[in-house]
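Hello,

I'm passing on the structure we talked about, with some notes on its aromatic residues. Please have a look at it below before reading on.

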Amino acid sequence: MQRHNGASLLEVLVAIGVFATVAITSFLLLTSELQFLPSSRSALQAVELAEEGLEASRAIRDLEWSALATGTHGLVFTNSACGFQATSDTMDGFTRQLTVTERSTNERSVESTVRWTGMLGRAQSFTLTTTLSNWRNLIPRRLFGNWQNPQTLGTIDLGPGNQGRSIAVRDGYVYMAASAENESRSDFFVIDATSGTHPIMRGSINTGPGLVSIALNGAFAYVANDAGTAQLQTINIANVGAPAFINSFRLGSNTEEGTAVAASGTIVYAATEKDAGPEFFVVNVANPTAPTVLGSLKIGETVNDIILRGNFAYLATASSTCEFLIVDLSDAPNPRIRACANLPGTNAALSVYVNDQDNRAYVVRKLSTGTNTPELAIFDISNPPTSILLGTLEFSADIRSVFAADSLAFLGTSLSNQEFQIYDVTTPATPTPYGGLNFPQVANDLAFENNVIYVAVRSNDALRIITSQ
């Protein structure tokens with residue numbers, strides 16, 4: 001019995017020793033883990049700050065390549081925009097530095113390094129690196145020659161009392177929508193401009209009171225009419241020498257005149273002046289002889305122009321609070337407004353153009369005599385629902401139409417001594433005069449093909465064909 005009791009006491013002592021060892025080890029491990037948590041959290045914050053540095057650098061590059069300057073920089077954020085400042089920036093005990101180095105003419109390396117003090121005063125750092133390219137220079141150029149001194153190749157006369165309102169070009173043939181003092185005269189014209197110096201009238205027809213907008217789609221031209229009960233018309237242009245009127249179509253119960261038209265595939269997007277009902281319509285033209293309305297949208301004001309890009313329509317309107325609208329077309333029967341830009345002043349937007357080369361939208365407006373009421377506004381539409389205003393231009397006349405390519409913007413204006421204007425928009429915040437020409441009358445619309453600008457002019461001499469020197 002005594003031997004049995006002695007063995008039990010020894011077992012108890014061994015158990016206590018084992019328990020103590022386990023407890024001490026567990027305590028040490030738990031203490032180590034608790035000490036590691038702040039260090040791990042700091043490392044995650046450093047990763048996020050380094051990633052933010054690279055994203056900000058991409059945004060700076062997209063705004064302007066020259067702003068992505070070589071050297072060491074910190075970041076500053078103002079009004080949802082970002083820029084470089086000093087040589088670093090600090091927040092919550094972290095210091096971030098962006099180092100930009102030149103790799104080639106159109107490539108720069110960006111290194112985003114975040115430094116902080118870790119446990120026991122140890123210096124810690126984390127770095128991410130990427131290469132950014134000047135994508136604008138990598139995209140094929142559309143303009144050639146000297147556009148500072150543009151030249152007129154040729155012109156054509158539409159006859160007394162007739163004026164060019166809208167213009168489209170395809171394969172050297174110009175299609176012009178016009179209006180005349182006498183409604184019995186032709187208002188749709190097909191012009192062979194394959195020889196820019198000697199344009200030839202190939203065909204014309206009269207569609208009614210006059211046309212204000214034109215869109216080409218395959219063998220058909222769709223036009224916006226000045227008639228309140230036949231706003232959309234279809235013209236067969238398969239035979240350029242004999243364009244044939246197909247039909248007139250009323251846009252729902254709308255009673256206002258047609259103002260704008262755009263086409264893509266079997267869908268035509270048409271708009272009107274301000275109406276009690278919708279002003280924007282989605283029309284199915286799979287059968288051009290029997291169009292049907294798929295959907296519509298109430299804008300609340302006159303829509304003066306429509307440009308299509310991807311799943312979006314970009315609208316210039318007469319609204320004093322939403323001059324520039326972006327409409328989502330991904331669900332054709334149910335178009336919806338995704339963005340609205342309210343520009344200073346109440347002057348109506350007359351036209352819009354989207355340049356695929358730099359993802360910018362150019363919106364032009366009627367003249368306003370007030371201050372800070374720009375006639376040109378340039379937007380970054382890389383993310384259409386959150387377009388960003390990049391710059392504006394105060395002008396001394398109406399700007400009625402716009403086209404942009406490479407680093408230039410071409411403006412059709414009502415300025416009496418230089419209706420055709422060219423601006424350098426390399427830096428969109430400060431557009432600068434670049435070139436221009438004097439026309440007999442207002443430049444109403446512009447179209448572009450193969451380094452040639454075609455201008456619809458408010459005069460008998462309605463077509464002007466312009467190129468570089």
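Let me start with F420, which has 0% relative accessibility and therefore counts as buried, the limit being under 20%. Please keep in mind that this is a predicted model.

F410 also comes out as buried, because its relative accessibility is 0%. How are W147 and F410 arranged as an aromatic pair? W147 and F410 make one that is edge-to-face, with 5.1 Å centre to centre and 80° between the planes. This pair links distant parts of the chain, 263 residues apart: W147 is in the loop between α2 (135-138) and β7 (151-156), while F410 belongs to strand β29 (residues 408-413). Both W147 and F410 are buried.

F410 has another aromatic partner in F420. Here the pair is stacked, at 6.2 Å centre to centre and with 25° between the planes. F410 lies in strand β29 and F420 in strand β30 (residues 420-424), so this pair ties together parts that are 10 residues apart in sequence.

These residues also belong to a wider group. One aromatic cluster is formed by W147, Y353, F403, F410, F420, F439 and F448. A charge comes in at Y353: the charged end of R309 sits over the ring of Y353, 5.7 Å from the ring centre.

If you open the model, F410 is a handy place to begin, as it pairs edge-to-face with W147 and stacks with F420.

Best wishes

Methods: Residues are numbered from 1 along each chain as its sequence is written. This is a predicted model: local features need pLDDT of at least 70, side-chain atom pairs count only at pLDDT 80 or more; totals for chains, interfaces and linings use all residues. Side-chain values use heavy atoms; hydrogens and water are left out. Rings of Phe, Tyr and Trp (its six-membered ring) pair if their centres lie within 6.5 Å; planes under 30 degrees apart count as stacked, over 60 as edge-to-face and the rest as tilted. Helices (H or I, at least four residues) and strands (E, at least two) are DSSP runs, numbered from the N terminus. Buried means under 20% relative accessible area, exposed over 50%, partly exposed in between (1.4 Å probe, protein chains only). A charge sits over a ring if NZ of Lys or CZ of Arg is within 6 Å of the ring centre and within 35 degrees of the ring normal.
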